[in-house]
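Let's take a friendly look at some rings and side chains. Have the 3D view ready as you read.

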Amino acid sequence: MALITKITTQKQSTERFNIYLDDGQGEKYAFSVDQDVFIKYNLRKGQEIDELEIHEIQYGDLSKKAYNKALEFLSYRMRSIKEVAEHLAKKEFNDAIIQDVIYKLKEYNYVDDLEFAIAYVRTQKQTNGKGPSVLKRELIGKGINQDFIEQALQEYNDDDQLQEAIDHAEKLLKKNNKISTVQLKQKIEQHLMRKGFPYDIISKVLDEVQYEQDESEEWTALMKHAEKAQRKYQNEDPNQYRIKMKQFLYRKGFSMELIEKFLEDEE
């Protein structure tokens with residue numbers, strides 16, 4: 001048994017108390033506790049406590065520290081349970097403490113994975129225009145279970161997805177007016193797939209947006225690519241030059257008819 005001989009307030013925090021004990025070998029500093037823990041265990045000068053009680057008090061204080069860290073982490077934005085647990089693990093709190101904190105956070109509704117998933121989907125679709133498969137992958141990474149993910153994605157209906165995907169496609173069209181129709185179509189498809197939109201939405205987008213170049217635009221785009229190819233193959237013999245120019249421009253998505261016309265005009 002040890003006797004509490006002195007209790008002082010810490011200089012840097014008035015909500016923490018230093019506890020001094022005498023275990024028969026003289027008074028010495030033993031540990032510090034948070035105000036809530038201090039009140040919970042009714043610590044006072046002259047009180048006798050044993051090793052088990054000291055361990056329990058220190059565990060309670062460590063749990064309180066972890067809880068405060070979790071609240072600080074949650075103060076910036078909503079977090080998933082997994083994110084909170086990983087944050088506390090990085091702060092070197094053990095699994096038992098982390099589970100205690102998570103239980104308390106859930107009890108006070110400070111963490112709720114379904115609410116988090118719904119809010120995440122709403123925010124991401126509005127700010128980043130991500131498609132459902134990307135959002136699903138990100139939510140899995142944040143520890144959200146499948147049922148909650150499916151419920152959250154109901155916030156993102158087909159009409160919303162189509163509008164977001166069209167916006168992406170139109171931005172892409174403004175930046176890529178110097179490539180062939182074939183390449184432009186491929187670029188839109190690939191971009192929307194990376195963004196996480198399903199193929200049925202991508203198909204609808206291709207029906208909605210005007211990505212086909214007219215004859216004049218296609219010719220202008222071909223001429224731009226042809227200039228690069230000319231510099232690249234200018235030292236080839238005429239036959240190899242013609243073959244390589246055809247291959248290069250065909251890979252860029254131009255029709256063979258248009259390529260032949262260019263080569264004939266060039267000659």
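Here is a short briefing, grouped by topic. Keep in mind that this is a predicted model, where local features need pLDDT of at least 70, side-chain atom pairs count only at pLDDT 80 or more, and totals for chains, interfaces and linings use all residues. Residues are numbered from 1 along each chain as its sequence is written, and side-chain values use heavy atoms, with hydrogens and water left out.

**Paired rings**
- Searching the whole structure turns up 4 aromatic pairs (rings of Phe, Tyr and Trp, using its six-membered ring, with centres within 6.5 Å).
- Phe17 and Phe38 count as stacked because their ring planes are at 20 degrees, with centres 4.4 Å apart (stacked means planes under 30 degrees apart, edge-to-face over 60, and tilted the rest).
- This pair links distant parts of the chain, 21 residues apart: Phe17 is in strand 2 (residues 16-22) and Phe38 in helix 1 (residues 35-40) (helices, H or I, at least four residues, and strands, E, at least two, are DSSP runs numbered from the N terminus).
- Phe17 and Phe38 are both buried (under 20% relative accessible area, with exposed over 50% and partly exposed in between, using a 1.4 Å probe and protein chains only).

**Charges over rings**
- The charged end of Lys104 sits over the ring of Tyr67, 4.2 Å from its centre (NZ of Lys or CZ of Arg within 6 Å of the ring centre and within 35 degrees of the ring normal).
- Lys6 lies over the face of Tyr20, at 4.5 Å from the ring centre.

**A histidine in a helix**
- You'll find His191 in helix 9 (residues 181-195).
- His191 has a relative accessible area of 18%, so it is buried.
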